[in-house]
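I opened a new notebook page for this one. My plan is to go through it piece by piece and write down what I look up.

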Amino acid sequence: MSHPLQIDKLVKRFGGLVATDNLSFTVEQGQSVGLIGPNGAGKTTVFAQIMGEHRQTSGSIRLYGKDIGAASTPERIRLGVSRTYQVPRPFAEMTVLENIRVGQMPNNLWQMIRRKPQHEKEVELALSVGFLPSDLGKTPGELSMGDLRKLEMARTMATGTSVMLLDEVFAGLTVAEIAQIASLIQQMRKDGMTFLIVSHDLKALEPLVDKVIAINYGARIAEGTFAEVMNNADVRSSYLGAA
Amino acid sequence: MLQIIVQGLLLSGLYALIAMGFTLIFSVGRVLNLAYGAYLLIGGYIYFTVSQTLGVPKVLGLLLAAMVGCLVGLLKYRLLVKPLKGNHVAVEISTLILAVVVQAGVVFIYGDSSKILLPIVPGVTQVAGASVTYNLLAATIGSWAILFALYWFVRKTHVGRAMQAVSMDTKGAAISGVDPDRINMFTWGLSGMLGATAGVFFASYTQLSPSMWVAPLIIAVAVVIVGGIGSIIGTLIVAHIIGFMEVLAVAVIAPELRGVFTMLLIIGVLVIRPQGLFGREEL
Amino acid sequence: MGLRWYHFALWAAFIAIMVAIPEFVSKGTLRIIIFANFLAIFAISWDVLSGRTGYISFGHPFLIGIGAYTSAILTKRFDVPIEWAIPAAVVMTMIGGIIVFLPALRIKGSYFALVTLAFMELTYQLVQVIRPDLTGGTRGMSGVQTLTRGALNGYYLSASLMVTIALSMWLLMRTQLGTALSAIGMNEESVRGSGLSTTKLKLFAFLTSAFVAGLGGAFYVHYLGSIAPRALFDINFLFTIIVAALIGGASTIIGPVIGAFFLTFLLEYLRPYLPGAERYFIYGLIALLLYMYEPKGIIELLRKGWHRLFSRHSVETPS
């Protein structure tokens, strides 16, 4: 049985700095995994390697059993993994629907020309992440931070992804927006999405994850349920040490 | 052989001066000022009018050219660059348009044909078997003096350090109490002044014509790209590479090819080593 | 593609006007419109690449020059029939497009613009010294075979070429492909992050742009009957192309056409007062003010005006 995401002995060096240090972990089908650690622990670097934005120095990344170490970012996305960013990166002069449309497009020039936009599916996706019908024609400049996060999740879902990496989804959101995004994640978990979530907001993260992996200096220091990891002495000292 | 070295050294000094004003803006303001060549145009023609036509002493003419260049730089920042804040494409395009406008303005006033600028310092001397005009010698010595003054200014004075700070991190500089707007303003003025001064020397080396802004712009671009953003030392080194390449091309291959290697260098470096030969160190 | 009745209506009106023009204007004006047509083609070519993807090309005369020179050399020096020379010129230009595309794999923004500028200057200098027996060196070539005789035929040929290119590019850019190219201009990383290969998309944009530039350049040289390096690889020429696209309205295909006509006629109206290159002073100032006032161009001003007049309807200009 191959797992959606399997990281094995991953190492990333930037010059003398070891950003990822022999990191191994597995995310099982339908599981939601939290990736935590103090600032600079190397969480985002792990995401960047899974997506192929940075190449790992050594080690392997497997997606449903397939080694994706040599694949480009778009290829990885078509294999079913994609991510969101801490600072959302929408297409500034496009409407909500058009933003989602880019995620839906086939990666084939001829089909891009021939196929009409799947309007119903775009609307369905937009509504499913919590947009109101009146929001669909708005441009990113008119949206709140929470809406931008939703938009990014919708565009990511539009690529047909089955493993979603969320980078600091709660950063910069109001309490109400955090609740909205959290319930959205819960809904998607029920629908079978596999998650890997980076968050500093541990309170918001707790109900969303089946398992937590804590890293520091790029290396894993604890893995287990949320409660187990929180009670781990290394985790506590790493957070205190960083504070 | 010796002649090539002498010629190369002289030309390179001039090129370093031309490139310096452009580098400053790219470094501090992070924008490409495609109208940079217009300063040279303005400087050259102001000097021509004041000193050659009206007979005002040459030093005064040079000073006036520098001051007008400074003023144009300030105006350009206020009226063009600041309103388009942060939009690099818009700044590039509008400065390109501005360059064409200035060129047309010069044609309007002075006509289309090129003019000979009398040597600022007349006379010829022999250096190591090569005949060297005092004019080019003065231009080169002048640019070296200006370059050293600039280096000292950026390293040692308060304003110079503030410029360095803004070029490294605009936000960080603002938090530390430097007003990036004022520093930008100052840099644009300084850049205009350097450009106009370089224009007088450049025009006296070649000739005065409404299209004399393109070649210096390309030289400045090449120096910035190959040398890395805003390094004064890098600028100096690359100005010599380009100067010598041109002199060699003219002497060894064919005079028509003088610019070809500069172009190839730009393309080659950008494609193979986008960060420049000397890295993108700051100021 | 979401075509609406008013799209058909506007295009029909546009084509009708182009067909009717020779009935109402003098031969001299017709010659001016021929230049506007060619400028429109070049501006569309620029728009497909730079207006969409944000990769600003300062080297479009490089591409146009390849098309023009190839066709001129083939017909004049090798007696190749025009109907073979033009397709060959288009293919050569597309190869040139790939050459410009290669740096775009590694660099963006200002640096890309500078490489293309260097390409243009490089070609200008090389064309004068390499094989002057073929290129005609500094003086260029004259006596190149022309396709048409007289202003009227020249007008019909250039107008039908321009309308065909404008319509097909407009249709192409209304597909999802056009949306994807615009998305690259807004945020290239996010396009990759949406699972699309930006390399493929950019290559397509470069090739399409080169195709149009080559076609325009080849027909242009066979209209003029001559070619001169200084007029072609010239910053003023480059400036006119870019400004036509921008003040007309970048990324809209129709905008560049409007811009090209606006600029050409502006330049002609200035001619009696300012006969020489000083025309560019007024011309440039107007372009600069327009661009600073509305960076989205004339088409956006028209759209806003339309909105104000008929604000109750939901309106959309062909974009």
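Before looking at sheets, I noted when two strands count as paired: DSSP has to find at least two bridges between them. I also reminded myself that this is a predicted model.

**Entry 1: the open sheet with four strands**

I started with chain A and followed one sheet across. Four strands make up an open sheet here, in the order β2-β1-β4-β5 of chain A, and the pairing is antiparallel. Which strands stand at the edges? They are β2 (17–27) and β5 (66–67) of chain A; each has a single partner strand, so one side of each is left without a neighbour in the sheet.

I then zoomed in on the β5(A) end. β4(A), residues 58–63, pairs with β5(A) over 2 bridges in the antiparallel sense. There I found A:Arg62 opposite A:Asp67 of β5(A). Helix α1 of chain A, residues 43–50, packs on this sheet and touches β1 (5–14), β2 and β4 of chain A. I looked up its direction too: it makes about 65 degrees with that of β2(A).

**Entry 2: two tyrosines in loops**

The loop between β4 and β5 of chain A holds A:Tyr64.

A:Tyr217 counts as partly exposed, with 16 C-beta neighbours inside 10 Å.

**Entry 3: the open sheet with six strands**

Next I moved to another sheet of chain A. Six strands form it, in the order β6-β7-β8-β3-β9-β10 of chain A; it is open and its pairing is mixed. At the edges I found β6 (81–83) and β10 of chain A, which pair on one side only. On average, neighbouring strands of this sheet are turned by 20 degrees against each other, direction ignored.

Helix α1(A) turned up again: it packs on this sheet, touching β3, β6, β7 (163–167), β8 and β9 of chain A. Its direction makes about 145 degrees with that of β7(A).

How many of its 5 residues are buried? I got 5 of 5, so I put the strand down as mostly covered. A:Ser32, A:Gly34 and A:Ile36 point one way from β3(A), while A:Val33 and A:Leu35 point the other way, and all are buried.

Then I checked its partners. β3(A) pairs with β8(A), residues 194–198, in the parallel sense over 4 bridges, and in β8(A) the bridge partner of A:Gly34 is A:Ile197. β3(A) also pairs with β9(A) in the parallel sense, over 4 bridges; A:Val33 stands opposite A:Lys211 of β9(A). For β9(A) and β10(A) the pairing is antiparallel, over 5 bridges, and I noted A:Ile213 opposite A:Glu223 of β10(A).

**Entry 4: chain A as a whole**

I stepped back and counted 10 helices and 10 strands in chain A. Its radius of gyration is 18 Å, close to the 18 Å that the globule rule gives for 243 residues, so chain A is as compact as a globular protein of that length. Along its principal axes, the C-alpha trace spans about 55 × 40 × 35 Å. I also looked up burial: 41% of the 243 residues of chain A count as buried.

**Entry 5: how the chains touch**

Last, I went through the contacts between chains. Chains A and B have no contact, and their closest C-alpha atoms lie 14 Å apart. Chain A does touch chain C, with 22 residues of chain A in contact with 20 residues of chain C. α2 (73–79), α3 (96–104) and α4 (109–114) of chain A each supply at least two residues of that side of chain A. By class, I wrote down 10 nonpolar, 5 polar and 7 charged residues for it.

Conventions: Residues numbered from 1 in each chain as written. Chains lettered and ligands numbered in written order. Predicted model: local features only at pLDDT ≥ 70, side-chain atom pairs only at ≥ 80, totals over all residues. Rg over C-alpha atoms; globule rule 2.2 N^0.38 Å. Buried ≥ 20, exposed ≤ 12 C-beta atoms within 10 Å, placed from the backbone. Contact = placed C-beta atoms within 7 Å. Axes fitted to C-alpha atoms, helices over the stretch in contact; angles between N-to-C directions. Nonpolar A, V, L, I, M, F, W, Y, C, P; charged D, E, K, R; others polar.
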